[in-house]
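Please look at the sequence and the 3D structure below. Some questions and answers follow.

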Amino acid sequence: MSSGQLWVLIGLGVFHGVHPATGWLLAVSRGLQERRRTAVLGALPALAAGHLAAVALAAV
């Protein structure tokens with residue numbers, strides 16, 4: 001995964017933090033795009049990091 005892709009995933013994670021119902025769609029769409037189950041699992045840490053950042057921002 002390139003650094004650009006990682007930043008996009010973190011941005012999508014922030015979007016997920018603002019609108020929690022979107023996270024599973026983002027992870028599943030990545031898995032379907034790459035046709036690998038491990039791609040779904042690989043998307044989850046970046047989504048979680050973005051979600052954590054959004055929650056922290058909201059808490060501040």
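Q: Which residues make up the largest nonpolar core?
A: This is a predicted model, in which local features need pLDDT of at least 70, side-chain atom pairs count only at pLDDT 80 or more, and totals for chains, interfaces and linings use all residues. Residues are numbered from 1 along each chain as its sequence is written, and side-chain values use heavy atoms, without hydrogens and water. A nonpolar core is a set of buried (under 20% relative accessible area, 1.4 Å probe, protein chains only) Ala, Val, Leu, Ile, Met, Phe, Trp, Tyr and Cys residues joined through side-chain atoms within 4.5 Å. The 5 residues of the largest one are L9, A27, A43, A46 and L47.

Q: Which helix gives the most to this core?
A: Helices are DSSP runs (H or I, at least four residues) numbered from the N terminus. With 3 residues, the one that gives the most to this core is α3.

Q: Is A56 buried, partly exposed or exposed?
A: A56 lies in helix α3, residues 37-59. Exposed means over 50% relative accessible area, and partly exposed lies between that and the buried limit of 20%. Because its relative accessibility is 41%, A56 counts as partly exposed.

Q: Leaving aside its neighbours within four places in sequence, with which residues is L9 in contact?
A: Contact means heavy atoms within 4.5 Å. With those neighbours left aside, L9 is in contact with M1, R30, A43, A46 and L47.

Q: How far apart in space are A56 and A39?
A: In sequence, A56 and A39 are 17 residues apart. In space, their C-alpha to C-alpha distance is 26 Å.

Technical notes: Helices (H or I, at least four residues) and strands (E, at least two) are DSSP runs, numbered from the N terminus.
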